[in-house]
Amino acid sequence: MHIRSLFYFLGEAFKNIARNGWMSVASVGVVSITLLILGSFVVLSFNVDLATHDLKEQVQIVLYINERAGEDTRAELHAKLVAHPGLAEVRYVSRADAMARLKEKLGDRSNLLEGYEEPEDNPLRDSYELRTAIPEEIPAVAKEIKSYPGAAEVDYGSGVVEPLFQFTGLVRWIGLAFMAGLAVTTVFLIAHTIRLTVYLRRKEIMIMKYVGATDWFIRWPFLFEGLILGMIGAVIPVFIIFYGYQEAALWMQNNIYFVSLLPPEKIIEVIARILIPLGVALGIIGSTISVRRFLKV
Amino acid sequence: MIEIHHLYKQFENDAYVLEDINLMIDRGEFVFIVGSSGAGKSTLLRLLLREILPTRGMIKVFGRDLARLRKREVPYLRRNIGMVFQDFRLLEDRNVFENVAFSLRVIGVSTREINKRVPLALELVGLKGKALRNPGELSGGEQQRVCVARAVVNRPAVVLADEPTGNLDPDTSMEIMKLFQDINIRGTTVVVATHAKELVDHFQKRVVVLGKNRVVSDRERGVYLHAH
Ligand SMILES: Nc1ncnc2c1ncn2[C@@H]1O[C@H](COP(=O)(O)OP(=O)(O)OP(=O)(O)O)[C@@H](O)[C@H]1O
Ligand SMILES: [Mg+2]
């Protein structure tokens with residue numbers, strides 16, 4: 001594309017936006033609202049992730065080995081655990097290790113363990129401590145490995161983990177469904193705005209065809225119009241989120257000391273990187289639909 | 001320059017609008033195309049612009065078979081054909097200069113080149129002093145001059161006009177027709193579809209008569225002739 005043409009297309013696109021007045025404002029508004037919701041959601045989920053990160057990290061599966069399992073069974077169990085694709089970490093903890101750990105944990109009160117320390121008296125069992133690559137997979141993996149040979153019992157803090165994951169999962173799905181609906185609305189509104197432009201400019205389009213403008217020359221201003229509407233619609237929520245988040249973070253710092261939040265500078269970058277391409281994409285999709293359906297070139 | 005052999009045109013499954021048209025137009029000619037309403041004059045011009053495709057037969061412009069022209073080549077064909085309409089089709093929201101410049105701008109001509117060529121075209125059509133007027137402030141004849149300036153500003157080899165004087169009074173019509181003659185004298189091929197009997201008779205140019213969808217007469221220095 002020639003640089004002169006680029007300026008021409010941009011100029012025409014801005015003229016069209018100004019001409020369409022309220023339709024342009026409505027399009028930008030809907031893009032902004034969609035992306036504001038998406039952006040807030042992203043900010044929230046980042047911070048929730050940060051807060052629940054430790055919690056999730058702590059969640060592990062403990063597999064107790066059947067005391068009557070022989071050497072062969074134990075070897076087979078070990079091999080199967082190590083080969084499991086969902087497990088990121090497999091650590092064997094012997095009963096002696098477990099006892100030592102318990103002792104350390106009790107510290108001053110380790111005298112409570114007196115009489116249990118000798119191997120033949122040790123009531124603890126040999127076990128594996130396992131971590132999954134994806135925390136949400138814990139319940140499924142736990143269920144699967146329970147049937148492995150030599151496994152006596154599997155424990156992963158069920159009852160705490162499932163509701164937590166269910167809740168975060170539910171929030172995510174509702175958010176996604178809501179956003180998909182808004183995205184469709186956005187595309188529709190932009191398409192409609194561009195359609196209006198095509199209608200208002202039908203005479204110019206006709207003359208352009210007669211004097212030999214190429215199809216792409218005719219299309220570009222409309223595509224740029226969609227792109228600009230989408231971009232403006234994305235920049236607005238980026239600023240709203242940045243300033244809103246700054247205020248919120250400040251307030252939290254002064255009032256709820258123990259909550260750790262991601263710094264605003266970090267958030268803005270992430271948000272801008274998500275929202276601006278998305279806004280541009282929504283705008284281009286909307287205008288492409290209109291150009292294809294209504295611009296008969 | 002324009003070659004038409006056994007051309008047929010039919011819209012959907014209606015009757016033929018054009019039947020077995022044969023026509024050759026050489027570089028530099030001035031041709032009137034006359035015929036009663038519905039004879040197919042406008043259809044013939046639209047075929048030459050490749051707005052529509054022939055049903056059968058061959059139509060060649062500048063040696064290119066229009067039926068075989070690829071879609072993306074069409075704009076380049078049209079850059080070499082100037083088109084003038086009965087209803088002017090000017091853009092009301094910009095002045096005369098910008099209306100003429102528009103046809104250059106949208107094919108990517110530089111502003112510097114535009115500033116050189118548009119005044120020349122306006123001078124040619126006698127509107128030198130009215131560049132900054134809006135079309136709404138001009139008389140019908142002046143508006144048609146703007147339309148002619150727009151058609152010739154890219155120096156096309158051919159100018160096609162579809163009833164260019166249909167909305168004008170006889171004196172103004174005569175002036176516009178003289179303008180086409182001037183353009184023709186400078187070397188541009190001119191094809192004018194018209195009903196204006198007096199003008200056709202006055203100019204003594206080649207006249208192609210379309211009647212009952214066929215060429216019924218084609219003579220040099222002809223006169224307007226009814227097909228019946
Ligand atoms: N797009 C179309 N679809 C169907 N029929 C058409 C179409 N365009 C033209 N026709 C028909 O073709 C015939 C010729 O029309 P055309 O406009 O070429 O005539 P014309 O000679 O220019 O007439 P006029 O002098 O009134 O302008 C008419 O009967 C018209 O109804
Ligand atoms: Mg006609």
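A polar side-chain atom of B:S42 sits 2.7 Å from an oxygen atom of ligand 1. The protein covers 60% of the 640 Å² of accessible area that this ligand has on its own. Keep in mind that this is a predicted model. Below we look at the ligand site, the helix beside it, the salt bridges and a couple of other spots.

**Around ligand 1**
- B:K41 also puts a polar side-chain atom 2.7 Å from an oxygen atom of ligand 1.
- B:A39 takes part through its backbone, with a polar atom there 3.3 Å from a ligand oxygen.
- The residues around the ligand include B:F11, B:V17, B:G38, B:G40, B:E163 and B:H195.
- Sorted by type, the shell has 3 nonpolar, 7 polar and 2 charged residues.
- Helix α1(B) gives the most to this shell, with 3 residues.

**Helix α1(B)**
- This helix spans residues 41-48 of chain B and is mostly covered, with 6 of its 8 residues buried.
- Among the buried ones are B:K41 and B:T43, and both of these also belong to the residues around ligand 1.
- The leucines B:L44, B:L45, B:L47 and B:L48 are buried too.
- After the helix comes B:R50, which has a positive phi, near 60°.

**Salt bridges**
- Over all chains, the structure holds 27 salt bridges.
- One of them pairs A:E129 with A:R91, with the closest N and O atoms 2.6 Å apart.
- That pair links distant parts of the chain: A:E129 is in strand β3 (residues 127-132) and A:R91 in strand β2 (residues 87-93), 38 residues apart.
- A:E129 has 8% relative accessibility, so it counts as buried, whereas A:R91 is partly exposed at 37%.
- A:E204 and A:R201 meet in a salt bridge at 3.4 Å, N to O, and both residues are buried.
- Salt bridges that share partners join A:E204 and A:R201 into one network with A:E12, A:K15, A:R19, B:D93 and B:R94.
- In chain B, the side chains of B:R89 and B:D87 meet in a salt bridge at 3.1 Å, N to O; B:D87 counts as partly exposed because its relative accessibility is 43%.

**Other spots to look at**
- B:S103 belongs to helix α3 (residues 96-105) of chain B, and its side chain reaches the backbone oxygen of B:V100 at 3.0 Å.
- With 3% relative accessibility, B:S103 counts as buried.
- On chain A, a nonpolar surface patch of about 370 Å² is made by A:M231, A:V235, A:F239 and A:Y243.
- A:Y243 is found in helix α8 (residues 215-255) of chain A.

Notes:
Residues numbered from 1 in each chain as written. Chains lettered and ligands numbered in written order. Predicted model: local features only at pLDDT ≥ 70, side-chain atom pairs only at ≥ 80, totals over all residues. Heavy atoms only, no water. Buried < 20%, exposed > 50% of the residue type's maximum accessible area, 1.4 Å probe, protein only. Helix = DSSP H or I, 4+ residues; strand = E, 2+ residues; numbered from the N terminus. Near = heavy atom within 4 Å. Polar contact = N/O pair within 3.5 Å; in protein donor to acceptor, adjacent residues only side chain to side chain. Areas by Shrake-Rupley, 256 points an atom, 1.4 Å probe, with all protein chains shown as cover. Nonpolar A, V, L, I, M, F, W, Y, C, P; charged D, E, K, R; others polar. Patch = residues over 30% accessible without salt bridge, like charges linked within 9 Å, V, L, I, M, F, W, Y side chains within 5 Å. Salt bridge = Lys/Arg side-chain N within 4 Å of Asp/Glu carboxyl O.
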